[in-house]
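Have a look at the picture first.

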Amino acid sequence: MLSRKLVRIGGWLALFGLLSGTASIFVPWQRLQGVTVLNIRLGLWYVMLLFALFAVLGTAAMGVNQGRRFAGVAGPILSVVTAFVAVGLITTVEGPAGAGGWLGLASLPPLGFACGLIAIGRAHRGTSG
């Protein structure tokens, strides 16, 4: 029963993180000129790390044994690393930061927690759940 709750909570966190993380790619990171993350120097690193976090989340949900263990450990660590990159990008943008950067920052903790919760919940349920 507890493992089902962990997976359910992790699923909701994952949904929020996936939606806000994806939106952060397309919403401007610089309010006045409408600059998106891909137009910022080194912004591609943020996008690549975010997609890697999406892949780790998928491993937590659908992987087995070692894959889930890896996702449970790597997901939170990767979300912190990606948050450092996002903060660096937000601080390098000239002028007021736009919603894209804040969406990116808001998506990272839920994605990291979701990886851990889903990996733990699914590990207790076995490979069939």
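Predicted model: local features only at pLDDT ≥ 70, side-chain atom pairs only at ≥ 80, totals over all residues.

Let's start with Phe51, which counts as partly exposed because its relative accessibility is 46%. The cut-offs go like this: buried means under 20% relative accessible area, exposed means over 50%, and partly exposed is in between, with a 1.4 Å probe and protein chains only. Residues are numbered from 1 along each chain as its sequence is written, and side-chain values use heavy atoms, with hydrogens and water left out.

Back to Phe51. Phe51 and Phe54 both sit in helix α2, 3 residues apart, which is about one turn of the helix. Phe54 has a relative accessible area of 17%, so Phe54 is buried.

Now, aromatic pairs. A pair of aromatic rings is described by the distance of the centres and the angle of the planes. Rings of Phe, Tyr and Trp (the six-membered ring for Trp) pair if their centres lie within 6.5 Å; planes under 30 degrees apart are stacked, over 60 edge-to-face, and the rest tilted. How many aromatic pairs does a search of the whole structure find? The search finds 2. One is Trp29 with Tyr46: the ring centres are 5.1 Å apart and the planes are at 70°, so that pair is edge-to-face. Trp29 lies in the loop between α1 (2-26) and α2, while Tyr46 is in helix α2, so the pair ties together parts that are 17 residues apart in sequence. Trp29 and Tyr46 are both buried. Then there are Phe51 and Phe54, with ring centres 5.8 Å apart and planes at 50°, so this pair is tilted.

On to the helices themselves. Two packed helices are described by the angle between their axes and the distance between the axes. Here the axes are lines fitted to C-alpha atoms, for helices over the stretch in contact, and angles run from 0 to 180 degrees between N-to-C directions. The axes of α1 and α2 come within 11 Å and cross at roughly 160°. That's why α1 and α2 are roughly antiparallel to each other. For the cut-offs, under 35 degrees is roughly parallel, over 145 roughly antiparallel, 65 to 115 roughly perpendicular, and the rest oblique.

α1 passes α2 in a left-handed crossing, meaning the near helix is turned anticlockwise from the far one by less than a right angle; clockwise would be right-handed. Which residues meet there? From α1 we have Ala14, Gly17, Leu18, Gly21, Thr22, Ser24 and Ile25, and from α2 Tyr46, Val47, Leu50, Phe51, Phe54 and Leu57. Contact means heavy atoms within 4.5 Å. By class, the contact of α1 with α2 has 9 nonpolar, 4 polar and no charged residues. In this scheme Ala, Val, Leu, Ile, Met, Phe, Trp, Tyr, Cys and Pro are nonpolar, Asp, Glu, Lys and Arg are charged, and the others, Gly among them, are polar.

Next pair over: α2 (residues 43-62) and α3 pack with their axes 9 Å apart at an angle of about 160°. So α2 and α3 are roughly antiparallel to each other as well, and their crossing is left-handed. The residues of this contact divide into 16 nonpolar, 6 polar and 1 charged.

Is Thr82 buried or exposed? Thr82 counts as buried, because its relative accessibility is 0%. Leaving out residues up to four places away in sequence, Thr82 touches Tyr46, Leu49, Leu50 and Leu108.

Val47 is in helix α2, and at 6% relative accessibility Val47 counts as buried too.

Leu42, in the loop between α1 and α2, has a positive phi of about 70° although it is not a glycine. Asn65, in the loop between α2 and α3, has a positive phi near 40°, and Asn65 isn't a glycine either. That's me done, thanks!

Definitions and conventions. Helix = DSSP H or I, 4+ residues; strand = E, 2+ residues; numbered from the N terminus.
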